[in-house]
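Hello! Here are a few notes to read alongside the model; I hope they are handy as you look it over.

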Amino acid sequence: SKFYGPVGYIKQKEISPGVWDDVVEERLYRGDILQESRRWQGSEYKNDNLTISNKLSIIADTFTINNSSNIRYVKWNGVRWKVDNIEIQRPRLILTLGEVYNG
């Protein structure tokens, strides 16, 4: 199946002299869903955590390649999912998703 949605980049920005903060920038990408799987991960809390192992292949531009280390999440099905792994296969990036992103 196909994917179209935002990818979130986190960059450090100096908001006042000596004070830095995270700035989020989202960019829209399209690509393919290579793998779609879900699992419940046990935790010490009452409810288990949902973890997905989806792999998305997005078409990468120069910005994406140069800033791949700043990718933190992908918004998929209305939820922001943490990017656990990034594989560069020019002209694409393969993004592996994990837990819900709480940044």
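How many helices and strands are there in the protein chain?

1. The protein chain has one helix and eight strands, where helices (H or I, at least four residues) and strands (E, at least two) are DSSP runs numbered from the N terminus. Read from the N terminus, the order is β-β-β-β-β-α-β-β-β.

2. A word on the basis: this is a predicted model, in which local features need pLDDT of at least 70, side-chain atom pairs count only at pLDDT 80 or more, and totals for chains, interfaces and linings use all residues. Residues are numbered from 1 along each chain as its sequence is written, and side-chain values use heavy atoms, with hydrogens and water left out.

3. Of the 103 residues in the protein chain, 34% are buried (under 20% relative accessible area; exposed is over 50%, partly exposed in between; 1.4 Å probe, protein chains only). The chain exposes about 6700 Å², with 46% of that supplied by carbon and sulfur atoms; the areas come from the Shrake-Rupley method with a 1.4 Å probe, and for residues only the protein chains shown count as cover.

4. Among contacts (heavy atoms within 4.5 Å) with a separation of 6 or more, 49% are between residues 24 or more positions apart.

5. Two loops deserve a look. Asn-77, in the loop between strand E6 (71–76) and E7, has a positive phi near 55° and is exposed at 61% relative accessibility. Pro-91 sits in the loop between strand E7 (79–89) and strand E8 (92–100), and a cis peptide bond with omega of about 10° joins Arg-90 to Pro-91. For context, most residues other than glycine have a negative phi, and most peptide bonds are trans.
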